[in-house]
Structures are given as structure tokens and as C-alpha cells.
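Let's take a walk through this protein, starting with the overall picture and ending with a few charged pairs. Keep the structure open beside you as you read.

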Amino acid sequence: MEEGRLAPRENPLLGFIAMKFLIDRISSPMGILLLVSDGESLCALDFADYETRMMGLLQKRYASVELVEAINPQGFSSKIVAYLAGDFGSLNNIPVNAGGTDFQRLVWQELRKIPVGTTLTYGELATNLGKPTASRAVGMANSLNPVAIVVPCHRVIGAKAKLTGYAGGLERKQWLLEHEGVCRQNVQGSLVYN
């Protein structure tokens, strides 16, 4: 086991090992964020109203999960709060351990390269990966991203700059893009990209 990671805990009644994770709850303008760490890396960041989704993704990866309340594990919560306050560089050095397939990890790594204040379409992201016909697969990988905001799937938009697909809801995607200065709403309620 790597130093710094939390040790798995055996459950003698059920006959399997529960993976132990740290969880913190962060207030944000979009609602409560749930931050999950393995003691070394960020494993999940999701919205409290999507906790069932988050737990499903963790359980798919680890089978049995035990969450232990913690305040600001590894300083990650402070970095999320700094991002929400406008320090966009605060997320750059957060280590992420999101699991996933080889292709999903490739997509998620590419997402972290999208600069703040910019967007790509699913097709452009697929092309950047050297797979120009894989825009649907890229979209599926985006939808299974367990680490919102830090792995910025919100920066991927549909063709013709259409705001589509965000597991946390389109209102949150719009808020994040506006927060990063990508777009704003016009008087009619449509998005205008800067």
C-alpha cells in the first residue's frame, strides 16, 4: 500500500474489505459539494443531491466503501473554496485518482488541459485525443467523470456552442462557465460566449 493512503478495513460479518475514504462537505453557490479523498488523491467531487450517483461510481470501483468525515483533507477543500472565490489556478495541482477505463482516464486527463475561460466541443476533444470519430464515446466518458470541477467536464459543450450534458445539471454547468468568464446570459436568457 502506498504511504499516505487510507488502509482498507475488513468487515468480518460480510467477508470483504471496505475501502476507507475521507469525505468533506463544502458550501458553494451551486449547493453543497461532497469531496472524497483516499488520503492522498481526490477520488470524487460531486453535488450533495447527486450523492447516490457518486456512491454508485465509488462502489462500482471499490465494491465496499466507508466514508469518514474529515475537515479539509489534504487541503483539497481549501483549494475548491479558493476556486469558487476566483483563484482558478488553485485546482491545478490537486492529484486525482478517478479510476475508470484506459479511455476514460485519457479523456479525463485531456479535460484537465482545457484552460479556464475556454471550451471545447465533444468533437474537438475527440480530435485532440486522435480519435476524431469518437465524440459520443468522449461524451460518455464525460458523463462518468467522478471528479466534477477539478476534472472540468463542464468546459465541454455541444456542437454550435450548445450547452449540453452535465451530470450535476445544466444550471450548474452554466454557473461554472459564467464563473470562469466563458459566457454570460443575455437579456433573453440565452448564453453569449465571450
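A helix here is a DSSP run of H or I covering at least four residues, and helices are numbered from the N terminus. Keep in mind that you're looking at a predicted model.

First, the overall picture. The protein has 6 helices and 9 strands. It runs to 194 residues, and 43% of them count as buried. If you take the contacts with a separation of 6 or more, 55% of them are between residues 24 or more positions apart.

Now for the charged pairs. How many salt bridges does the count come to? The answer is 6, and three of these pairs are worth a visit here.

Start in helix α3, which spans residues 102-111 and holds both D102 and R105. These two sit 3 residues apart, about one turn of the helix. Their side chains meet in a salt bridge, with N and O at 2.3 Å. D102 is exposed because its relative accessibility is 60%, which is over the 50% cut-off. R105, at 34%, counts as partly exposed.

Next, look at D49 and R172. Their salt bridge has its closest N and O atoms 3.0 Å apart. What does this pair tie together? D49 lies in the loop between β4 (42-47) and α1 (51-62), while R172 is in helix α6 (residues 170-179), so the bridge links parts that are 123 residues apart in sequence. Are the two partners buried or exposed? D49 is exposed, with a relative accessible area of 55%, whereas R172 counts as buried at 12%.

The last stop is R53 with D46. The side chains of R53 and D46 form a salt bridge too, at 2.8 Å from N to O. R53 comes out at 22% relative accessibility, so it counts as partly exposed; the cut-off for buried is under 20%.

Technical notes
Residues numbered from 1 in each chain as written. Predicted model: local features only at pLDDT ≥ 70, side-chain atom pairs only at ≥ 80, totals over all residues. Heavy atoms only, no water. Buried < 20%, exposed > 50% of the residue type's maximum accessible area, 1.4 Å probe, protein only. Contact = heavy atoms within 4.5 Å. Salt bridge = Lys/Arg side-chain N within 4 Å of Asp/Glu carboxyl O.
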